[in-house]
Amino acid sequence: MPKIKLQTKIKATRSIVFDLSRSIDLHKISTEHTNEEAIAGKTSGLIGIDESVTWRAKHFGIYQNLTSKITEYNRPKYFTDQMVKGAFKEFKHEHHFEELNDETLMTDLFYYKSPFGVLGKIADKLFLKKYMIELLTERNRIVKQFAESERWKEIISK
């Protein structure tokens, strides 16, 4: 099962970074290029434990739906979302947040299994893992941008 690990240092409090990371509204902003929208479950605001969201997005020229659920939650240290239904055979995305002096270290651990057996493994190596890294990196760039400015107040309130 492929694993992606990304670490992002953000000059903001851990609670702000945590809440931005679970914001449905900020997720929509970070995925504008895929026309992603929340169509069922929690469709705006901050998602929490045992809540789910169904996303509709265009990837590789095809509209797809993906439902994920928050299965672990310990604010402001970590949360995990897992796919309930979607194009992957399975995926699990762990979000970890550590305080480092005046910064927060945000660590993403993303595990996934592609469908279609051997063909899925070939797709992973050829393009899918790179594509997922780019999606997650862009999401993290937007979280950082909002957290390090006053823009976080557009998304969450203290």
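**View 1. The lining of the largest cavity in this predicted model, by residue class.** Its lining residues divide into 3 nonpolar, 4 polar and 1 charged. They are Leu20, Ser21, Ser23, Leu26, His27, Ser30, Arg139 and Val143. The cavity has a volume of about 40 Å³. The structure holds 1 cavity of 30 Å³ or more.

**View 2. Helices around the largest cavity.** Helix 1, helix 2 and helix 3 each give at least two residues to the lining. Helix 2 supplies the largest share, 3 residues.

**View 3. Helix 1, residues 14-21.** This helix is mostly covered. Of its 8 residues, 7 are buried. The buried ones are Arg14, Ile16, Val17, Phe18, Asp19, Leu20 and Ser21.

**View 4. The centre of the largest pocket.** The pocket has a volume of about 910 Å³. A total of 40 residues line it. Nearest its centre lie His59, Leu66, Phe88, Phe91 and Met132. By class, the lining has 23 nonpolar, 13 polar and 4 charged residues.

**View 5. Helices and strands that line the largest pocket.** Two helices each supply at least two lining residues: helix 2 (24-30) and helix 3 (117-147). Helix 3 gives the largest share, 10 residues. Helix 2 and helix 3 also contribute to the lining of the largest cavity.

Note on methods:
Residues are numbered from 1 along each chain as its sequence is written. This is a predicted model: local features need pLDDT of at least 70, side-chain atom pairs count only at pLDDT 80 or more; totals for chains, interfaces and linings use all residues. Side-chain values use heavy atoms; hydrogens and water are left out. Buried means under 20% relative accessible area, exposed over 50%, partly exposed in between (1.4 Å probe, protein chains only). Helices (H or I, at least four residues) and strands (E, at least two) are DSSP runs, numbered from the N terminus. On a 1 Å grid over the protein atoms alone, a cavity is a set of points where a 1.4 Å probe fits but cannot get out, and a pocket is an open set with protein on both sides within 12 Å along at least five of seven lines; lining residues have an atom within 4 Å of a point. Grid points are joined across faces, edges and corners, and a volume is the space filled by probe spheres set on the points. Ala, Val, Leu, Ile, Met, Phe, Trp, Tyr, Cys and Pro count as nonpolar, Asp, Glu, Lys and Arg as charged, and the others, Gly among them, as polar.
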